[in-house]
Amino acid sequence: MSYIPVTSSEQEQMLAAIGVGSVDELFADIPQEMRLNRPLALPQAMTEAELMRHCRQLAGQNISSDQIVSFLGAGLYDHHIPAAVAHLVGRSDFYTAYTPYQAEVSQGSLQAIYEYQTLICLLTGMDVANASVYDAATAIVEAIAIARSVTRRGQVIFADDVHPDHTAVARTYSKGQGWRVKTLETGGGQIEISSLEESLGQDTAAVVLSQPNFLGGIIDLKAVADVVHQAGALLIVCVNPVLLSVLASPGECGADIVVGEGQPLGNPLSFGGPTLGFFAAKAQYLRRLPGRIVGRTTDCDGRVGYVLTLQAREQHIRRQRASSNICSNQALNALAAAVYLALLGPRGLKEVAEHSIQKAHYLAEQLTQKGLGDLALAGPYGNEFVFRPKADLDMIWSNSLNAGYLPGLRLDQVPQLPPSLGESVRGGLLMAVTEKRTRAELDGLVSLWEELSERG
């Protein structure tokens, strides 16, 4: 959109209309020490053509995943998105639709949400799903709110290998909502049942785990679920939805609430957003779910119809009865996820996961067999692993970028990474591989690193 500034005369008219003589008088209540008291450090004004050229130059400094061979993951993944997804999501009746406040006249939007909810339930093995929330981090916090409401307890245990950003968001919420975060040390591997039992207490409302964990490892959820439930707490699991096509569903393993980041399901990376958080749970928590739930019914003439079955948010019911302050859902992103899942089907999604896992293991084997470094962690992993190169990491990083490879996430640049995960992890690269990566790209990275290693 074009930006049209307020002219001096218009500013004077507005000030006069509210009975204020100047802008300084308008802001008189703001203490002097809180004011900038100098002009903004901006360059001289540009013409429209100059400004457009300048903005294009700034945008050109970004490198998209289409311009580089990316091994970056850590929650957002460079999967192939069929062209039909953008075509269907871009239909004007979906693309321009807003929150359906007069819900029942928006049958197309409601049906799309209903189909999305159904697909999420099938993926997660849970009974109910909502219309989506903002992202995985806020989905975890909403799940914690349910656990606290159910158990009337005030402590939540986070495994140290949950995504650091998710844990940080939860800690922020906890300060304002009066609950406590406790860390369960795992070292990035399997959860020691004895350590978990020692951590659980009579005030534990929930245990939050990731499958796979932040470092790519696959954990045994079933054994953990039994211990958590014996302590009277709920098990919240944050999952990668693509890998659910080849792993046992969290529902089968005893999870109470399953959340996750929906970006891998047909949503582009877009330099980090927007994305969607999916949210599914056991049927007994239906009335506690945040946001909206669309239901399918029939009218008095027997025709199928879709309705907003539950809207447990404060815009629709009394604030003190609301289960959440989530005020919207990521409908367009959720629609993309539904279209993507419908296009691929169970077999197609499984093939995406299998190709991603097989290629990740091939890359890891090539890197280690050629003596270029080692895996920082033992144990099973999916399409993501921590590789610790023998060569200098700064040298590896800069040369890889210059050659057109984004080699992963540098864990030494993740400030919130828990110390309990170990220095060996901190010195490594978190590398993700998707079905998009070709054999030539994988071999090309290995060859480049061999050449760099020989140079010393």
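Visitor: Hi! Is Arg91 buried, partly exposed or exposed?

Guide: Good place to start! In this predicted model, Arg91 is partly exposed, with a relative accessible area of 43%.

Visitor: And which residue does Arg91 form a salt bridge with?

Guide: That would be Asp93, and the closest N and O atoms are 2.8 Å apart. Asp93 is partly exposed too, at 43% relative accessible area.

Visitor: How many salt bridges does a search of the whole structure find?

Guide: The search turns up 15. One of them joins Lys436 to Asp78, with 3.1 Å between the closest N and O atoms.

Visitor: What does that pair tie together?

Guide: Lys436 sits in the loop between strand S15 and helix H14, while Asp78 sits in the loop between strand S1 and helix H4, so the pair ties together parts that are 358 residues apart in sequence.

Visitor: Is Asp78 buried or exposed?

Guide: Asp78 is buried, at 5%, whereas Lys436 is partly exposed, at 26%. Both belong to a network of salt bridges that also links Arg437 and Glu441.

Visitor: What lines the largest cavity?

Guide: Its lining has 21 residues, and those nearest the centre are Gly75, Tyr77, Pro212, Asn213 and Asn240. By class, the lining has nine nonpolar, 10 polar and two charged residues.

Visitor: And which residues line the second largest cavity?

Guide: Among them are Leu372, Phe387, Trp449 and Ser453. Strand S12 and helix H14 each give two or more residues to that lining.

Technical notes
Residues numbered from 1 in each chain as written. Predicted model: local features only at pLDDT ≥ 70, side-chain atom pairs only at ≥ 80, totals over all residues. Heavy atoms only, no water. 1 Å grid on protein atoms, 1.4 Å probe; cavity = no way out; pocket = protein on both sides within 12 Å on 5 of 7 lines; lining within 4 Å. Nonpolar A, V, L, I, M, F, W, Y, C, P; charged D, E, K, R; others polar. Helix = DSSP H or I, 4+ residues; strand = E, 2+ residues; numbered from the N terminus. Salt bridge = Lys/Arg side-chain N within 4 Å of Asp/Glu carboxyl O. Buried < 20%, exposed > 50% of the residue type's maximum accessible area, 1.4 Å probe, protein only.
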